[in-house]
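Let's take a friendly walk through this model, sheet by sheet and then residue by residue. Keep the structure open beside the text as you read.

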Amino acid sequence: MIKVSDIKKDFPIFERQINGNKLTYLDSGATSQKPNQVIDVMSDVYKNNNANVHRGTYVLSSETTGKYEDVRTKFQKFINAYDSDEIIFTKGCTEGFNLLSNSICKNLNQGDEIILSEIEHHANIIPWQMAAEKYNLNIKFINVDESFNLDIDHLKSLLSSKTKIVSIVGESNISGMLPDIKEIVTIVKSKSDALFILDGAQLVPHRSVDVQDLGIDFLCVSGHKMLGPTGIGVVWGRKELWDSMDPVYGGGDMIEEVYYDKATWAPVPHKFEAGTPPFVEAIGLGAAVDYLTNISMNEVQQHSDSLREYAKNKLENIDGLNIIHSLSKNAGCTFAMSIEGAHATDVSLMLDTYGVAVRAGHHCVQPFHRKLNLDATFRATGYIYNDEEDFDILANAIEDSMKMLK
Ligand code: PMP
C-alpha cells in the first residue's frame, strides 16, 4: 500500500506554503510534481555527462547516448512493447498525435474516416481536423452517454470499411472515464481494418498498460504527467507500422545518406527523431519510470482507485455541487465540477486562498463542455502524493467558497 507521507518526502515542492497554508496540489491532470530522483538525475547529467547524443566519439557523448538509449528499453518494458525501437521520443502527447496524423493521413484516400469520441482532449481532435481538411477525410465522434461513458453501440454503427483510424482516450482528463480498450479494439478490428490509437496521457501515469495485451497499434504518452520533466513524451507503435511510415520532421540524425537532391532515411526509431532530441528530459523520464516501477504500477492503480472512491463520496455529499464523473465502478481519480451561479475561475481563485491548487477552464475538452452547456468547470485530480486529507481540505474549501460566493 502506498504510504503518502513517505512519498511526499521525495517531492520538494510540498515544503512550500501557499497563502499561509500547506500546499494541497490537486492538478496532476495538468502536470504532475517531480520527485528528487528525477530532478537529481537531470542535474547530474548536466553536471557530469553532458554532450550531444549519437554524434560524438568521445566518453561524454557515449555516456549520454547510453543513458538516452537505455530509457527506450526502460519504456519498452514499462508498457510491454515488443521492441525498444518501437519507442519514439517526442516532446509530449500532443506532438505524438501530430506526428501520427501527418504521417498516416497522407496515405489515406479521399472520404476515408477517422473515429474519435465526444470526450477527447483537443490534442486528439485538432491534429485530425487539420489532416482531414488537407486530405479530404471525414471525422466521426462516438457519443458519450449520461453515465459519461462511450456508447459502444454507437461506435459499432459508425464502423465500416471506410474507417481507417480510431483514436480514443484511455482515461478521460475530465470524467476519469476508463473505456474498456480491449473490448473496443476487438470490435474495431472485427468491423474494419482501422489502426487503433490510444491517448495514454492520463492512463499511463495511473494504471499499468500492456500494449500487447490491449492489441492496440499506437500509444501516445506525456512524460510530464507521470513525474517526468516537461518537453518529453513517447509514441509507441508496432515496428512494422513505423517501418512502413514516412518521417514528418527532417534534419540531422534521421537520415542514412544525404545528397544535394535527395536523401534516404535512418532506420526506426531515428527516422522519426530529427535533430538533437531532448535527451536530458528523456533521461529524467527514465528516472520517473524507475520511480513508478519501484512503487509498482499495481500499487499506483490501487491508490488511485481507493482515493477516487473516497473523493467521490466526499464530493457527492456537497449540496449544489455538480460533478462530471464517470458513473462506472472503475474510473480515474479526476473530478470536473461546477456550481450553479459561480464561475469556475472564481471558485478556483477562492480555493487557492486555502492552498488548494485546482484547474479552471474547459481543460482542452471544449466541445464536450459545450455539449453539457458549460463554458468551464474546476477540476481536481489525485495522484500518488495525494491522500484523503487533501480531499477533505478540498471539500471544506468548496463548501466555504459556496457560502461566500452566494
Ligand atoms: N490527452 C489528454 C487526455 C490530456 O489530458 C493531455 C494533457 N492535458 C494531452 C492529451 C496532451 O498532453 P501533452 O501536455 O503532453 O501535450
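## Ground rules

Helices and strands here are DSSP runs numbered from the N terminus, with helices being H or I of at least four residues and strands being E of at least two. This is a predicted model, in which local features need pLDDT of at least 70 and side-chain atom pairs count only at pLDDT 80 or more, while totals for chains, interfaces and linings use all residues. Residues are numbered from 1 along each chain as its sequence is written, and side-chain values use heavy atoms, with hydrogens and water left out.

Start with the open sheet of seven strands, whose order is 4-10-9-8-7-5-6 and whose pairing is mixed. Its edges are strand 4 (87-90) and strand 6 (138-142), each of which pairs on one side only. Two strands pair if DSSP finds at least two bridges between them. On average, neighbouring strands of this sheet are turned by 20° against each other, direction ignored; axes are lines fitted to C-alpha atoms, for helices over the stretch in contact, and angles run from 0 to 180 degrees between N-to-C directions.

Look for F89, whose bridge partner in strand 10 is V234. Helix 7 (residues 181-191) packs on the sheet, touching strand 7 (163-169) and strand 8 (195-199), and its direction makes about 155° with that of strand 8. Contact means heavy atoms within 4.5 Å.

Another open sheet has four strands in the order 13-14-17-16, with antiparallel pairing. Strand 13 (321-324) and strand 16 are at the edges with a single partner strand each, so one side of each has no neighbour in the sheet.

Strand 16 and strand 17 (residues 377-381) run antiparallel and are joined by three bridges, and G361 stands opposite T377 in strand 17. Helix 12 packs on this sheet, touching strand 13 and strand 14 (334-339), at about 10° to the direction of strand 14. Helix 13 (residues 344-352) also packs on the sheet; it touches strand 14, strand 16 and strand 17, and its direction makes about 45° with that of strand 17.

## A residue in helix 12

Is R308 buried or exposed? R308, which sits in helix 12 (residues 297-316), is buried, with a relative accessible area of 2%. The cut-offs are under 20% for buried, over 50% for exposed, and partly exposed in between (1.4 Å probe, protein chains only). Leaving out residues up to four places away in sequence, R308 touches several residues, among them H325, S326, N330, C333 and F335.

V59, in helix 3 (residues 59-79), counts as exposed because its relative accessibility is 56%.

## Backbone features to check

Most residues other than glycine have a negative phi, and most peptide bonds are trans. With that in mind, find N80 in the loop between helix 3 and strand 4: its phi is positive, near 55°, and N80 is partly exposed at 32% relative accessible area. C364 lies in the loop between strand 16 (359-361) and helix 14 (366-371). Phi of C364 is also a positive value, near 60°, and C364 counts as partly exposed at 23% relative accessibility.

Finally, a cis peptide bond joins V268 and P269, with omega about 10°. P269 lies in the loop between strand 12 (263-265) and helix 11 (279-295).
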